[in-house]
Amino acid sequence: MRNDDHEGSVRPTGWRLPLGVIIGAGLVSALLTNAFYGSLPILPWTMIPTLALLALGEGIAAYHTRRRIRRVPGTEPIEALAAARLVALAKASVLLASLAIGIFGGFALTLLDRLHAPAASGDALTAAGTLAAGAFLLAAALFLEYACRVPDDEDSDPSRPV
C-alpha cells in the first residue's frame, strides 16, 4: 500500500462517474420502458419542481459557501464540518441527478415513436421536463462541490474581487 499525501481526502467528482450512471440508467430505462410501457402508470410531474427546487437551493448554498470560504468581507468563515456536509450533499446530488437524467432520458427517447398517443406524449413531456430539472440539479451540485474547495494561496486574498 502506498503512502499518498492525499490519502483519506475527498476528490472532486470527475466526468466519468456521472456519464457512466447516465448511460447505464438510460439503457436500462429504455429497455424496461420499451418492454413494459403499456402496464406502467402515467409519470408524475411532481419530480420536476422537486429537482428544480433542490437545484435552486444548492445553487444558492454554493454561492454563499464560495463567498464564505474565500472570506469575502462581510461574511463569516465557514466551519470545516459544515463544508464537509455540503460536499457530501453535492456528491449525493450528482448521483441523484445522473440517475434522473439517465432514467427519464431513456424513457423520453423510447417514447419518441409513440407521440401520437395522448398518454405517451404527456409522459414524454414529463420525462423531458424531469430530464431538464435533473440537468439543472447536476450543474448546481457540481457548482456546490466546486464552491467547497479551499482556494490556492494567491486566490485567498480577501481584497481581490471574486
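How many residues of the lining of the largest pocket are nonpolar, how many polar and how many charged? I began my notes with that, working from a predicted model.

**Entry 1: the pocket**

I looked up the lining of the largest pocket and found eleven nonpolar residues, one polar and seven charged. The volume of this pocket is about 400 Å³. I then listed what sits closest to the centre: of the 19 lining residues, these are Ile69, Ala83, Cys148, Arg149 and Val150. Next I checked which helices take part. H2 and H3 each supply at least two residues of the lining. H3 gives the most, with three residues.

**Entry 2: the cores**

I turned to the largest nonpolar core, which has 20 residues. Which of its residues touch the most other members? I noted Phe107, Leu111 and Ala127. At least two residues of this core come from each of helix H2 (47–69), helix H3 (80–111) and helix H4 (118–147). I also found a second, separate core of ten residues, with Ala62, Ala83, Val87 and Ala147 among them. I had already written down Ala83 as one of the residues closest to the centre of the largest pocket.

**Entry 3: Phe107 and Tyr37**

I went back to Phe107 and looked up what it touches, not counting residues up to four places away in sequence. The list is Ser29, Thr33, Tyr37, Leu40, Leu43, Asp123 and Ala127. I searched for aromatic pairs and the count came to one. The pair is Tyr37 with Phe107, in an edge-to-face arrangement, 6.0 Å centre to centre and with 70 degrees between the planes. Tyr37 lies in the loop between helix H1 (16–36) and H2, while Phe107 lies in helix H3, so the pair ties together parts that are 70 residues apart in sequence. Are Tyr37 and Phe107 buried or exposed? Both are buried.

**Entry 4: Ile101**

I picked one more residue of helix H3, Ile101. Why does Ile101 count as buried? Its relative accessible area is 13%, and buried means under 20%. Leaving aside neighbours within four places in sequence, I found Ile101 in contact with Ile22, Gly106, Leu131, Gly134, Ala135 and Leu138. I also looked up Ile101 against Ile23, which is 78 residues apart from Ile101 along the chain. Their C-alpha atoms are separated by 9.1 Å.

Terms used:
Residues numbered from 1 in each chain as written. Predicted model: local features only at pLDDT ≥ 70, side-chain atom pairs only at ≥ 80, totals over all residues. Heavy atoms only, no water. Core = buried A, V, L, I, M, F, W, Y, C linked by side-chain atoms within 4.5 Å. Buried < 20%, exposed > 50% of the residue type's maximum accessible area, 1.4 Å probe, protein only. Helix = DSSP H or I, 4+ residues; strand = E, 2+ residues; numbered from the N terminus. Contact = heavy atoms within 4.5 Å. 1 Å grid on protein atoms, 1.4 Å probe; cavity = no way out; pocket = protein on both sides within 12 Å on 5 of 7 lines; lining within 4 Å. Points joined across faces, edges and corners; volume = space filled by probe spheres on them. Nonpolar A, V, L, I, M, F, W, Y, C, P; charged D, E, K, R; others polar. Phe/Tyr/Trp six-rings, centres within 6.5 Å; stacked < 30°, edge-to-face > 60°.
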